[in-house]
Amino acid sequence: MKTLQLWSVTSGEIRRQDLIAKYEDGDTISAQSSAEQGRAPADRVLAFAITSLEKGRSGAALMTELTRRGNEEFNAMTRHLRLLELIAMISPLLGLLGTVLGMIQSFQELELAQGAANASVLAGGIWQALLTTAAGLLVAIPAAVGASLLSSRAERAAQLIEGAVAQLMLAADAPKP
């Protein structure tokens with residue numbers, strides 16, 4: 001589900017460059033329409049910025065509000081990624097717990113056999129130990145990879161928001177033709 005949410009967050013960079021150029025050339029209606037049609041978080045922040053600039057807002061108050069909106073977008077993108085990271089960290093520990101429990105079981109069975117070291121006596125506990133270790137790693141590896149990829153995608157989208165807002169604010173300060 002998170003993959004679907006973050007699939008298109010970095011899209012539309014060329015279209016945003018075009019809309020900033022339109023805004024700089026004085027075609028604010030076209031620029032605003034283009035921003036409102038976009039689906040990426042940067043498009044939503046730019047649409048608000050253009051609307052605010054057209055209403056005469058500018059300066060520190062506008063930048064503070066744009067920062068707040070950018071942070072909201074970033075928080076929405078990274079929501080629940082901590083859970084995936086936690087799963088990636090905890091699952092090897094659960095596998096290790098299973099390993100320890102399996103070894104305890106093996107030594108208990110060895111004790112009950114009164115030192116008669118028979119491979120079948122130890123096999124059940126060792127099997128449990130290896131199985132839980134493998135299960136922990138099978139969960140941890142994809143979770144860690146997924147969390148890393150999704151986090152980097154969200155960070156890239158945040159960079160795009162910052163860059164687009166900075167370019168728009170420069171365009172707003174530029175003399176109009």
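A salt bridge here is a side-chain nitrogen of Lys or Arg within 4 Å of a carboxyl oxygen of Asp or Glu. The model is predicted: local features need pLDDT of at least 70, side-chain atom pairs count only at pLDDT 80 or more, and totals for chains, interfaces and linings use all residues. Residues are numbered from 1 along each chain as its sequence is written, and side-chain values use heavy atoms, with hydrogens and water left out.

**View 1. Arg-44 and Glu-73 form a salt bridge.** The N to O distance is 2.8 Å. Arg-44 sits in helix H4 and Glu-73 in helix H5 (residues 59–78), 29 residues apart. Helices are DSSP runs (H or I, at least four residues), numbered from the N terminus. Arg-44 is partly exposed at 42% relative accessibility. Glu-73 is buried at 14%. Buried means under 20% relative accessible area, exposed over 50%, and partly exposed in between (1.4 Å probe, protein chains only).

**View 2. Arg-16 pairs with Asp-43 in a salt bridge.** Their closest N and O atoms are 3.1 Å apart. The pair links distant parts of the chain, with Arg-16 in helix H2 and Asp-43 in helix H4 (residues 41–54), 27 residues apart. Both residues are buried.

**View 3. A salt bridge joins Glu-13 and Arg-156.** N to O, the distance is 3.4 Å. Glu-13 lies in helix H2 (residues 13–24) and Arg-156 in helix H7 (residues 119–173), so the pair ties together parts 143 residues apart in sequence. Glu-13 is partly exposed, at 36% relative accessible area. Arg-156 is also partly exposed, at 35%.

**View 4. Salt bridges link Glu-65, Arg-68, Arg-69 and Glu-72 in a network.** The structure holds nine salt bridges.

Conventions:
Helix = DSSP H or I, 4+ residues; strand = E, 2+ residues; numbered from the N terminus.
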